[in-house]
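The structure is shown first.

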Amino acid sequence: MKFKNHIYQVILLTILLAGCKSQFLNKAPLDSINTANFYQTKSDAIAAINGAYQPLQWPKLYNMRMWTTDIMAGNSVTGGAGGTDGIETKNEANFVTKPSNPGVLDLWRGPWPGILRANTVLQKVSGMNTIEPTLKNRILGEAHFLRALYYFNLVRFFGAVPMITKPQHPGDNLRPPRTKPSDIYNKVIIPDLKKAIQLLPAKSSYSGSDIGRASKGSATGLLAKVYLTIANMQKFAGKKYDNQSTNSDYQQVVKLCDQVTQLGYKLDANYADNFNPNHENDQESLFSVQYYGKTSNSFWSNENQSSWTSTFMGPRNSNMVAGAYGWDQPTQEFVNAYEKGDKRKDATVLYKGGPSFGGMNYDPSWSNTGFNVRKFLVPKSIAPTYDSSPLNFNVLRYSDVLLMKAEALNELGQTSASETPLNEVRTRAGLSGVSGLNQSNMRLKILHERRMELAFEGQRWFDLISHPDYALNFLHSIGRTNATKNNFLLPIPQKAIDANPNLTQNPGY
Amino acid sequence: MKHKRIRETLLWKCIGISVFLLFIQPFGVLAQKGTATISHKKILASTYELKNQKPDTQKKQGAELNKIVILKKGKQRFISVIKSIADQTGLKLSYSEQIVPVNKEINIEEVKLTARKALKNVLKGTSLSFDVYSKQLVLFLKTQSDNQSQEISVTGKVTDAGTGQTLPGVNIVIKGTTQGTATNSKGIYNISVPSLQDTLIYSYIGYQTKTVPINGRTKINIALTTKILNGQTLVVVGYGTQEKKDLTGSIATIKTRNLSSVPVPSVSDALQGKASGVQVISSGVPGNDATFRIRGTSTINNSNPLIVIDGVPTTTGYNMLNPNSIKSIQVLKGASAAAIYGSRGANGVIIITTKSGKSGHNQFNVDVYRGIQQVTNLPNMLNATQYAKLSNSMLANNGLPENPAFSKPSSLGQGTDWLGHLFHTAPIQSYSISYSGGNKKTNYYVSGNMLDQQGTVISTDYKRYSIQLNSDTKLLKDLTFGDRLTLEHDIKNHGNYSIINAMKALPTQPIYNSDGTYAGPNGRASWVGSITNPVGQANLINNSTLGYNILGSVYGKLQITKHLRFKSDFGIKANFWDGRTWSPKYNWQPIPQPKSYLSKNYNKNITWLTDNTLTYDKMFNDGQHVKVMLGTSAQSNRSDWMRGSVQGFASKKTQQLTNGTDQPTLNGDASEWSLLSFMGRVNYSYNDTYLVTTTLRRDGSSRFGSGNKWGLFPSGSVAWRISNENFFKPVKFINNLKLRAGYGVTGNQEIGNYSFASVLQTVQYNLNGQLVGAVVPSVMPNPNVHWESVEQYDIGLDADMFNNRISLTFDAYIKNTNGMLVPESVPITTGYSDINVPSINAGKMQNKGMELSVSSKNVKGKFSWNTKFNISYNRNRIVSLNDTVPMPEGNIDFNYTVGRLEAGHPVNEFYGYVTNGIFQNQQQVNAYAVQQPGADPYNRTSPGDIKFVDLNNDGVINSNDRTYIGNPNPDFTFSLNNSFSYKNFDLQIFLQGVYGNKIFNANRIWNQGMASAINQTSAVLNRWTGPGTSNTMPRAIYNDPNGNTRVSNRYVEDGSYLRVKNITLGYTLPRRLSQRFSVNMARIYMSGENLWTLTNYSGISPEVPVNGIDLNVYPVARTISLGLNIRF
């Protein structure tokens, strides 16, 4: 009988154990941080701002879609495996882009997470008093810079977009309408960049693993580009984006470009060094998206830290670099546009009879056009596998600043003054200086110079759309006869309209 | 609100505990005072065992009664005393409650005496006598002819209707009196009756009671039939068992008796087609779990049923079980049956019980089979000559240069048959041994199995080693302990194959270069393609998983009183699996692997659970039967994984992580969930005619936020056995007719572990060549997420007719899923992921259906023929989603989405364009709606392209012209099994099929697309080449400017099929022959699986995943095998 008593005790105990563990049903994620416990220490603040950089790296932005805009801009065509491989980019290039185009969707989806992360930093870190003011200022400056960059890309691709400057929560109005570009420029981008110039330290103050962060020079150069875009859009596209005169916008450009020069930026002696993994974040670089070849995440994921450019641009089936998908194939017209003696040709394109790469001579049968992009190729000695290229992607470099200055001076009527910055870029390319052109010829010369200098870096599309007449003329001349001015804004993706019916579609789609 | 919840939670816990305390305390006291009694059921069990014993004990019958027994002094219940005597002599007790005054109190004085004397003393003064037959102490009424000489005597013999053996100890009572007798050891009886117009009642445990009017006869021979067939089958119902006749819910039982007589590698194979309402879609991949759908797809989320193996719930990994060790499989389909599993029962429950030993019945079994598997119905691909011709016209039509190597197509010959090299004939073999047995106190079942199955795709195979150890021990009279333990190790080589790539690879490319290395496409992609050599990849890359699985449970069962039982279960499920991928370096195009590569991952998933149930089961004399079960269950799970990889190995011979030199990576994660449940069930029946079952379960889950952790899941069902009613008696041909109706609510908690939490993700960025940590908001939180619930109404009937030769079960149901978790549409402008979106309980889905199963014993006797047929009909419909925006489903490639979820439509319905023939000339193109305009003649719609229907009549073909083009959910699934036996031969023919579903043959997008350098099926030989040449197969054109390959009804095919799933012919050796080798039974058989399929589907196999999309699906194989079953 005693034995049975024991059994009942065991039974009771079992039931009590099962029923009364008060924490039994409380399980919190083990691999992520509870929002309520974060944004408290210095390292929390740094981790939060690092996160705001990360979307730049995504294939949706600088790892792929930004440079495929050069295909849309007529510098190159889509290679790849043929057939439906890259069909979305082919459609863009043929100006039969549909709102369902996945490439356009990527360009839409890329910036917003970055904006949320920057907004979160601006909201949370500005209230933190546990970190020293210089660091806090730097972090807030980085957030302002990044938010401006994300919005600048959005507004140039899509025109009016929702203006969201605070983190949203369930219950907020998650479906805001589009805000016109002038408001995006004047209420977000310009104030953000002005703030960033004020808060950010000079590039030279960064060391160690802070090198590569946004600096005063990054924000100054980007603001110059913003003013130049606004001025050009007002002058050539009939837009009204700010309240000051177009000329004062151009004057701002010149002033800001000079400030950049004063910060100590210089051209690299060798053009190709801008695309050399061993010369990253150097004197010519104002801001670049950082890549690191040793990714531990899938190459195809957002968390990937390796650059796609070498892998995607290497001639397909050539074995010249690891991977080699042959995606971006320069056209004959583009290659013909090089002036004789332009050193940038050898650095930028692979062509029959050109210098060898990685010990291999180029075979034009690797490409449908007979050319491939060389600029971003990383030799196997540095990137032995398709997923290990560490090459950064330039967002803004000093030659761009010089050309912006030249462009602004020319538009201000100071055509001869614009020769100096232009010729600085040409001289490095091994070309003779330009002189004595009239304003409109100078404009064409500068656009041409930008095309050759910044080829395949995702700049040409923006240059085209801020000069719509020039752009249409150019596109039609190379057989892209479907292009109309409506195409200079991309369609708002169908998926975005489905998720937010308050978004209206751009004309022509 | 929050306080209220906490209070409520506490309240529930307290109620749960108090209920137990209330039950346990008083019964504990009772149990200590009461004396153990024998239950009806135990006798029943012991009687069955008798049948397996040889009648050689009869000589010494009664010797047990000479044993000395000890009786307790004092007042006791009559039956307790008898029971005590029987126990001490080792005899089983057999009596009829109608004649034995069980509760009569008697006073015992003598304490120590022989059993015989003790019995005589105890029975003194009653009309009872006793005797011993077959180790069985039988109590019966004394023949009273001595003192009532005026009565007439009736004699006769009682035999078993099945075997013809005489039955000793059968009770015979004159109806309406207590007078009676019993048969003697030879089955002979002699009874005196007052009149030859009286009626006699013959009763014997385990047999159907027979009432026979004497009708003037003086000699009546009677054959009694066993009761087993009808109603006494125990069905496992979740936290208990129930007799089949008492069921009120919809439960399918799969007879597993024959699992060892046909070669089935896994449980899922054994289930296919075996139960109505249960759709099993087998995976052709060796060792992979099949997909189950019970009564349709009940949610757009996880629709897999809960699998309970020996009491341990799981959702995966059931293929670890050796099918030979399975005793029974029950499928709880209706909500009233599944509701006892509450939050995990929404998709139905499959309960698998493994075998246990039988005391006194020792057996040693060997089951072996070996076979070969082949893939059938491979598509006809173009040969090199045909492909080169196609390539030339495809490129020319797009204005691109032709491949100079293809200038003389006929010189290329046949080329490479990639599919032929990817598939091979693969052996399969399985060896099982098992032994089982036991004595009075302990029984055991042990089995071991080795399965070695190669896949029909080269480089895939599966080996499984499993051991099953089951035992039950009666430690004390009322206390039983037992365990169920499965140990399993499996080795799965997934290989690195791509069936679609073998279909895409060009026949013009050889497998090997002349130097013996693998060849790759070399040159312009539009000429040579860019498909990685599928044979090289399969052969070089090693991709395997080693599984180590333990599934075990230990229980203790305490019979507290005659009617009250406590059972405590502790179970553990531990899965460990190690994955490994190795690739040597190779240099072939299109994507060389410049460094050898090794990745390993270690995963573990541990679940423990403890269940406690208290069952009260009492049959009252007035025909009422009440069974009450109360229980608690607690479960907890944790899973961990770790993955590392490294590249650059000095030698192929050292394939360990430590041997690599470059780019080491390391990742890992862990997650947890827990579930706490309180449940109760009441079964009530009156006269076996009116049956009621109600259950209630309250579940708390860690997967929901603090306000939503708890869910309540009630159910109720009733049944009415009309055949027991007097008014039904005239209907002779129906032996049993039961009507059932039920309602229940079940839940689904398979929504991921942490969807309620508001968390930040850690990601990485890198600065100046160094990784830096980053923390980011990523998923918009939904703290309010709560249970999905499924509400089900079920009506059914069970009927047995024509002397139980035809049995029929019919069910009809409506299943409404409420609060279905649907992804909230989060605009990306919030910055939160628009892919990883929070789920909100906003959807509704409905399944309606009917099921019929019929089994029939067509011919009995030396030649026997049994038929089983079942058919199920189900209609699925999404009633509502979050908002009106339909959700795309079934991404098959970057550019293609095939399915769509929308209110008013069935789940996964295909959505796309509708084709309308082919443009035969430019006039037709010009006159038709604009498809692809343009000035470029090579890049616009042209003759030979497909016309798509302008559904909205706006003159432009765009995404607004898409519509629903096919439903992948079948209207009917059915199966037909015929089994025959003649003398020593047995034959089974099993057919299985589905009807009315559509398949989207996505392989054809590429293999009939004619748009890039990909091989095509021979169907494209009939393509459009000029006006009038074809109105179905478009022209070949590189880059496909018209979008001929877009998702359209062009690829939608009828998926109905009828498959000869299995034919098995067996021969059992004559006993006299086999016994020469001391073998009780030896059977040899030949079996064919998936022998033949009748279908209009053009793909390899119509058995495709549940979403109906056939893309790169590993086909199920045809298997021919030879097997042997030996019983010692």
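Arg344(A) and Glu453(A) are joined through their side chains by a salt bridge of 2.7 Å, N to O; the term denotes a side-chain nitrogen of Lys or Arg within 4 Å of a carboxyl oxygen of Asp or Glu. This pair connects distant parts of the chain, with Arg344(A) in helix α13 (residues 343-348) and Glu453(A) in helix α16 (residues 439-453), 109 residues apart. Helices (H or I, at least four residues) and strands (E, at least two) are DSSP runs numbered from the N terminus. Arg344(A) is buried at a relative accessible area of 1%, and Glu453(A) is likewise buried, at 0%. Here buried means under 20% relative accessible area, exposed over 50%, and partly exposed in between (1.4 Å probe, protein chains only).

A second salt bridge links Lys235(A) to Glu411(A) (2.6 Å, N to O). Lys235(A) belongs to helix α9 (residues 216-236) and Glu411(A) to helix α14 (residues 398-411), 176 residues apart. Lys235(A) is partly exposed, at 37% relative accessibility, whereas Glu411(A) is buried, at 4%.

## Basis of the model

The model is predicted: local features require pLDDT of at least 70 and side-chain atom pairs pLDDT 80 or more, while totals for chains, interfaces and linings use all residues. Residues are numbered from 1 along each chain as its sequence is written, chains are lettered from A and ligands numbered from 1 in the order in which they are written, and side-chain values use heavy atoms, leaving out hydrogens and water.

## Network and local pairs

Over all chains, the count is 52 salt bridges. Arg344(A) and Glu453(A) are part of a salt-bridge network that also includes Glu339(A), Asp342(A) and Lys445(A).

Within helix α7 (residues 133-158) of chain A, Glu142(A) and Arg138(A) lie four residues apart, about one turn of the helix. They form a salt bridge whose closest N and O atoms are 3.0 Å apart, and both residues are buried.

## Asp106(A)

Asp106(A) is located in helix α5 (residues 102-109) of chain A and is buried, with a relative accessible area of 14%. Its side chain makes a polar contact with that of Arg65(A) at 2.9 Å; such a contact is a pair of N or O atoms within 3.5 Å, and within protein one must be able to donate a hydrogen and the other to accept it, residues adjacent in sequence counting only if both atoms are side-chain atoms.

## A sheet in chain B

Chain B contains an open, mixed sheet of three strands in the order β11-β8-β14, where pairing requires at least two DSSP bridges between two strands. Its edge strands, β11 (188-193) and β14 (222-224), each pair on one side only. Strand β8 (residues 152-160) runs parallel to β14(B) and is joined to it by three bridges; Thr159(B) has Ala223(B) as its bridge partner in β14(B).
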